[in-house]
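My notes follow the order in which I checked them.

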Amino acid sequence: MIKIEALHKTYKNGKIEVAALKNISLKVIPKEFVAIMGASGSGKSTLMNILGCLDRSTSGKYYLDKVDISSLEDNDLAAIRNIKIGFVFQAFNLLPKLTALENVELPMIYAGAKHKERKEKAMLALERVGLADRIDHRPNELSGGQKQRVAIARALVNSPSILLADEPTGNLDSKSSKEIMGIFQKLNEEGVTIVMVTHEMDVAEHTKRIVTFKDGEIISDKAVLTTIKAGGNEL
Amino acid sequence: MNLTESIKSAFRNLLANKMRSFLAMLGIIIGIGSVIMITSVGAGSQSAITADFDKLGVGMLTIQMKNPNKAKTRDFLTLDDTELIRKHPEVENVCPYFQGWGASVKLKNPKEEKESLINGINEDFRFLSSQELLYGRHIIESDGKTKSKVVIIDEVLAQKVFARKDVVGETIAVTLWRGTYDFTIIGVSKNANAALESMMGDQMPSMLYAPIETVNDMYRYDYVDYFYVTTKDASSADQTALELTKMLETKHRNEDAYFVKNAAQDLEMVNNILGIITGFISFVAGISLLVGGVGVMNIMLVTVTERTREIGIRKSLGAKNKDIRQQFLIEAVILTIIGGVIGITLGFLGGIGIGSAMKITPKISSLSIIVTVGVSTIIGIIAGVYPANKAAKLDPIEALRYE
């Protein structure tokens with residue numbers, strides 16, 4: 001699924017070079033649920049951006065579904081983001097003028113799907129996250145948890161190979177956080193591969209594997225022995 | 001992203017900021033509006049002037065003496081010249097014309113009087129002028145041969161003298177400088193100058209038309225003021241004019257004595273001047289289009305900056321650079337096209353307003369609509385390319401971080 005070999009990422013800040021990632025190697029196999037932990041500045045967000053094809057590594061290899069991502073052009077990266085990757089952000093990143101349904105339709109518009117197919121698939125995705133009754137609401141009419149569910153539905157709608165979540169519960173209260181984690185767990189059980197960045201241990205414990213970063217390097221990579229069930233009651 | 005989605009999204013964004021969108025297109029509206037208004041009024045006046053010239057008879061040549069003050073008796077144009085001119089193969093109609101001098105003609109029957117002018121013409125006059133008869137008949141060849149005292153008057157005069165219009169067969173007394181003669185009315189013409197005459201009232205002399213032989217006879221005068229000539233082919237009128245002048249000079253044994261005026265040349269000149277004025281004003285109005293384009297570009301730049309985060313989101317979801325470029329370009333083009341359409345509508349309404357004040361019908365051609373819509377599209381593209389490229393080139397990570 002995901003294979004990273006000897007990945008480096010260096011930022012140039014004026015004349016000073018800052019190494020954000022140092023010789024990272026990592027594998028994620030299908031149906032895994034991985035948490036990436038670390039303090040801010042540890043390089044975990046940089047890794048997310050590279051995994052999400054939003055950024056390129058300075059050196060090293062990145063294979064997604066056996067495709068060598070490091071050698072692709074901008075347009076191909078956009079297509080990979082569109083079809084193979086589903087993004088969930090801390091700040092939800094919904095378009096405020098669009099309804100929930102229209103927000104979920106967006107990735108399919110860029111995939112070139114027909115109007116009818118888009119509506120149907122977007123409906124299904126919203127049903128999957130339990131928001132079928134909110135399809136015509138705009139983001140400002142939804143609670144934080146509901147917004148994040150719309151974002152998850154949007155990330156899922158093109159049936160991506162992997163779901164990347166960057167601090168998905170960072171802007172949510174604890175109750176909504178639990179709900180969202182419940183959704184992730186349910187999706188993972190249904191076979192969705194998930195990589196999630198978080199700095200909260202209690203969130204990470206909902207996953208199956210925790211990779212910890214420090215100063216651009218992996219310092220630990222452990223399976224979670226007893227995964228906490230979010231108890232996703234209605235789910 | 002296909003075109004339909006881009007267009008839908010563009011409308012959504014333009015409608016979300018109605019006031020801003022309107023202000024952005026205002027420059028285009030004013031620019032296109034004024035160009036359309038001016039060209040439609042210009043084209044309207046051109047066709048009005050052309051129509052006026054048509055009434056006078058375009059392609060009509062007027063032959064007259066070049067220098068009547070210095071002319072010798074033998075230079076004077078005479079009735080005989082009619083036949084000479086008629087012999088030219090290109091000539092279709094020829095009408096000798098003489099206006100009774102001493103100018104005023106008085107009518108004494110039944111009791112009203114009116115200043116009038118008596119004009120001597122021949123049977124070809126009906127083909128050369130726009131004179132329309134309401135009643136009776138035109139002057140025919142035999143009227144001239146027999147020097148009949150027959151006359152065509154206009155409806156205004158008929159109304160004034162007889163208090164009715166159908167006065168064919170009535171007799172009027174025409175007082176000339178040498179005496180008073182009774183004329184039988186054979187025709188009543190529609191008054192082409194009704195508007196002018198109603199303003200000038202009695203000051204405006206009425207026109208009487210009688211056979212030129214009759215009028216010449218009454219004045220004891222054998223000469224002709226002008227010849228009105230129409231040619232078979234308007235395009236060769238200038239050549240024909242030259243040949244006619246030669247023929248007359250040979251006959252009258254003189255040189256450089258006659259002058260031919262081509263009515264088409266006057267029309268061309270007037271239309272040229274009008275065209276230059278219209279073109280110049282349109283050019284000035286066109287400058288406001290340029291300013292309008294800059295306004296659109298400015299707003300698009302603001303829009304791109306404002307929507308940086310949206311661009312980042314769209315890119316993270318798989319939008320390619322060209323998708324983003326297309327989205328903003330289409331927004332700019334739609335802005336200018338809508339501005340253009342509003343401008344065309346307002347410009348045409350303005351044209352109708354000005355036109356009704358000037359008593360002309362403004363003309364808007366499909367060509368000018370196509371051109372102005374085309375121009376506004378091009379302005380939209382030019383104004384949109386830079387902001388759209390700027391949007392397309394945004395780095396997705398930077399854009400996502402933008403607050």
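How many residues does the contact take from chain A and from chain B? I find 19 residues from chain A and 18 residues from chain B. Contact here means that C-beta atoms, placed from the backbone, lie within 7 Å.

Before going on, I note the ground rules. This is a predicted model, where local features need pLDDT of at least 70, side-chain atom pairs count only at pLDDT 80 or more, and totals for chains, interfaces and linings use all residues. Residues are numbered from 1 along each chain as its sequence is written, while chains are lettered from A and ligands numbered from 1 in the order in which they are written.

**Chain A against chain B**

I looked up which elements of chain A supply the side that touches chain B. Helix H2 (74-83) and H3 of chain A each give two or more residues. H2(A) gives the most, with six residues. Helices are DSSP runs (H or I, at least four residues), numbered from the N terminus. By class, I get 10 nonpolar, five polar and four charged residues on this side of chain A. Nonpolar covers Ala, Val, Leu, Ile, Met, Phe, Trp, Tyr, Cys and Pro; charged covers Asp, Glu, Lys and Arg; the others, Gly among them, are polar.

**Domains**

Chain A is assigned domain 1 (1-84 + 160-235) and domain 2 (95-158). The bounds come from an automatic or database domain assignment. The C-alpha centres of these two domains of chain A are 23 Å apart. I find 13 residues of domain 1 of chain A in contact with 12 residues of domain 2 of chain A. On the domain 1 side, H2 and helix H6 (174-189) of chain A each supply at least two residues.

Chain B splits into domain 1 (3-53 + 268-401) and domain 2 (71-231). Their C-alpha centres lie 58 Å apart.

**H3(A) and H5(A)**

At what angle do helices H3 (residues 100-111) and H5 (residues 144-156) of chain A pack? I read about 30°, with the axes 7 Å apart. Axes are lines fitted to C-alpha atoms over the stretch in contact, and angles run from 0 to 180 degrees between N-to-C directions. H3(A) and H5(A) are therefore roughly parallel (angles under 35 degrees). H3(A) contributes Ala100(A), Asn103(A), Val104(A), Leu106(A) and Pro107(A) to the contact, and H5(A) contributes Val150(A), Ala153(A) and Arg154(A). I sort them into six nonpolar, one polar and one charged.

Conventions:
Parallel < 35°, antiparallel > 145°, perpendicular 65-115°, else oblique. Contact = placed C-beta atoms within 7 Å.
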